[in-house]
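Biologist: Before we discuss this model, please display it together with its sequence. I shall then ask about its architecture, one element at a time.

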Amino acid sequence: RLHQELLLLATACAPSSEDTAHVAACRTAVERQAQKLVGDMKAHLIGSQAMGLATPTSDIDIVLLSPTKFSDSQISDSASQYTKERAKEDKIEFMYALAETLRPSPFTHVEVIAHASVPIIKGCTPRGVKCDISVGTDNGLRSSTAMTAKMESMPALKPLVLFLKLLLGEHGLNEVFTGGLSSYGIMHLVLSFLQGQRER
């Protein structure tokens, strides 16, 4: 019975077609504005929205990637500190320029968090949905792709993760910056548990 209830919960939590269309429109709008500044820039959904773990209240996480500009992988570990700092400054300058074009649409509010370890643009849509945009860092995309493949091979993973996401959210423990767990962290915990069960 518990198994069936978890499946029903996962179905009930799924975003509506309107929610999905809103996310897609936001991604497209961000990509369109980014391409006015860097022609080959692509916007990719990452995190919950990309992995099918979004709920109606989930944020939108987007990474902007270009094969020619702002890619972290283009800077070698042996590069000088000056080169690394200059590359980061160029990226932040691009983020400020982009942020100016994202208001009033698709966002009513935009802020650049320039001095975080991973600089981001924080936005909020007219529907109150929060969005975080990063640039040039592809580890989120690779992680989302890997975890999506894991969910396809382990059907029990998705409903368990969604249940824990909702439970932690009810207790205010779903925000990393306040000491909570992200969807990615929950995924690893549940994945470890399920793999342990298989080995028994």
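Modeller: Two strands pair if DSSP finds at least two bridges between them. Helices (H or I, at least four residues) and strands (E, at least two) are DSSP runs, numbered from the N terminus. The model is predicted, so local features need pLDDT of at least 70 and side-chain atom pairs count only at pLDDT 80 or more, while totals for chains, interfaces and linings use all residues. Residues are numbered from 1 along each chain as its sequence is written, and side-chain values use heavy atoms, with hydrogens and water left out.

Biologist: Which residue in β2 stands opposite Leu45?

Modeller: β1 spans residues 42–46, and β2 covers residues 60–65. These two strands pair in the antiparallel sense over 5 bridges. Within β2, the residue opposite Leu45 is Ile62.

Biologist: Which are the edge strands of the sheet?

Modeller: The sheet is open, with mixed pairing, and its 5 strands follow the order β1-β2-β5-β4-β3. An edge strand pairs on one side only, which is the case for β1 (42–46) and β3 (109–113).

Biologist: At about what angle to β1 does α5 run?

Modeller: Helix α5 comprises residues 139–153. It lies across both β1 and β2, and its angle to β1 is about 50°.

Biologist: Are α6 and α7 parallel or oblique to each other?

Modeller: The axes of α6 (residues 157–170) and α7 (residues 183–199) come within 9 Å and cross at roughly 130°. Angles under 35 degrees count as roughly parallel, over 145 as roughly antiparallel, 65 to 115 as roughly perpendicular and the rest as oblique. The relation of α6 to α7 is therefore oblique.

Biologist: Is the crossing of α5 and α7 left-handed or right-handed?

Modeller: The axes of α5 and α7 come within 12 Å and cross at roughly 35°. A crossing is left-handed if the near helix is turned anticlockwise from the far one by less than a right angle, and right-handed if clockwise. The crossing of α5 and α7 is left-handed.

Biologist: Which residues of α4 make the contact with α2?

Modeller: Helix α2 (residues 17–37) and helix α4 (residues 81–101) have axes that come within 10 Å and cross at roughly 130°. The crossing is right-handed. From α2 the contact takes Val30, Gln33, Ala34 and Leu37, and from α4 Phe94, Ala97, Leu98 and Thr101.

Biologist: How many helices and strands are there in the protein?

Modeller: Along the sequence, the pattern reads α-α-β-α-β-α-β-β-β-α-α-α. The C-alpha atoms fill a box of roughly 55 × 40 × 30 Å along the principal axes. The protein has 7 helices and 5 strands.

Technical notes:
Contact means heavy atoms within 4.5 Å. Axes are lines fitted to C-alpha atoms, for helices over the stretch in contact, and angles run from 0 to 180 degrees between N-to-C directions.
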